[in-house]
Amino acid sequence: MDALGELVRRHQQNIQALAYRTLGSWDFAEDVAQEVFLRVYHSAGKYQPKAKVSTWLYRIAVNLCLDAMRRSKRAPAALSKDADLPVRSVPDPLEASERVEIIRQAVADLPDRQKTVLNLHRYEGLSHRDIAEVTGWSQPAVESLLVRAYANLRKSLSKLMEES
Amino acid sequence: MQHLTEAQLLDLIGGHSGSDERAAAEDHLAACESCRRLNQQLVNTWEVLGQWETIRPGRDISERIVIAAGSRGMRCPSAWRRFALVALKTAASIVLAAAIGYAAGRSYRPEPSAAARNLKQQAAASLYLDTFESGTPAGLSEYVLAATKESGEKEQ
Ligand SMILES: [Zn+2]
């Protein structure tokens, strides 16, 4: 159990931040992170020693987030316990500035796969190859998604870019 | 002139290009106005996105997860224990082999402290724990070993 606690403490920030940016709610991000670590705990035997542990954790998190986004489109209320948190959530009081809200909304508006690769690239610092490994998509597919994501954001964030 | 692709530029901005690729891209950017313009747009987008911070201090969910694992653990803690046991076995054999190598080559080896550090790193690498970002590379292996010992004792 100490090993599990230590594993969580080392990776929880990254996993929660990824889930938060993808799903738009800290409560939901915590639920995803909990599920990621419980799955690792229960499926440790399936770990492929070829992969980095962090890649494995990201992979589970990405799949859970993609599932959650798919489900939220079918039944938006099913996504969160609070029923109002899914993809477009109430702004966190810590991040209530207008600029942050515009950026958050622009990212939230991206199609699911573009949002996933964007978050891994921009905020988790993964290379194109690592993103391909985490998502299971080919590297050319990842690069095409990244190019489209940045092109969309260039448009939707043009006002902010002019300001700065 | 072959222009840089947006994917190449994103790789460059993300800091993942190799040094040769980076040098070649920088040479091209210095000479090509249209790639430079595109690169600047991507850099601007990258920087604006960087304003979205998500630091949320004080949320440690490790305890909650350990409790949840315990309550669900009835069904399958063996997978985790197996993982830890396999890891222990691999680590032990590598540590042993390295220790024999160390004893055999003691006269021309570096200082023991460096060798010990190296051993620890090898053990961590064998557990695939060497990629953890924080703490000592072998930090988690110690926890895994302790947990394995613990679970082994409980079983007896
Ligand atoms: Zn060019």
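**Close-up views of a predicted two-chain model**

**View 1. A:R21 and the ring of B:W52.** A:R21 lies over the face of B:W52, at 4.9 Å from the ring centre. A charge sits over a ring if NZ of Lys or CZ of Arg is within 6 Å of the ring centre and within 35 degrees of the ring normal. In this predicted model, local features need pLDDT of at least 70 and side-chain atom pairs count only at pLDDT 80 or more, while totals for chains, interfaces and linings use all residues; side-chain values use heavy atoms, without hydrogens and water. Residues are numbered from 1 along each chain as its sequence is written, and chains are lettered from A and ligands numbered from 1 in the order in which they are written.

**View 2. A:R122 and the ring of B:W46.** The charged end of A:R122 is placed over the ring of B:W46, 4.0 Å from its centre.

**View 3. An aromatic pair between the chains.** Three aromatic pairs are found over all chains (ring centres within 6.5 Å, using the six-membered ring of Trp; planes under 30 degrees apart are stacked, over 60 edge-to-face, the rest tilted). The ring centres of A:Y123 and B:W52 are 5.6 Å apart and their planes stand at 80°, so this pair is edge-to-face. The pair crosses between chains, from helix α5 (residues 112-123) of chain A to the loop between α3 (33-49) and α4 (62-72) of chain B. Helices are DSSP runs of H or I with at least four residues, numbered from the N terminus. Buried means under 20% relative accessible area, exposed over 50%, and partly exposed in between (1.4 Å probe, protein chains only). A:Y123 is buried at 16% relative accessibility, and B:W52 is buried at 2%. A:Y20, A:W26, A:Y123 and B:W52 form one aromatic cluster.

**View 4. Helix α4 of chain A and A:I103.** The buried residues of helix α4 (residues 98-108) of chain A include A:V100, A:I103 and A:V107. The buried residues of this helix pack against α1 (2-23), α5, α7 (139-156) and α8 (158-163) of chain A, together with α3 of chain B. Contact means heavy atoms within 4.5 Å. Leaving aside neighbours within four places in sequence, the contacts of A:I103 include A:Y123, A:L157, B:L49 and B:W52.

**View 5. The largest nonpolar core.** This core has 75 residues, and those with the most contacts inside it are A:I103, A:L118, A:L157 and B:L49. The largest share, 12 residues, comes from helix α3 (residues 53-74) of chain A. A nonpolar core is a set of buried Ala, Val, Leu, Ile, Met, Phe, Trp, Tyr and Cys residues joined through side-chain atoms within 4.5 Å.

Conventions
Helices (H or I, at least four residues) and strands (E, at least two) are DSSP runs, numbered from the N terminus.
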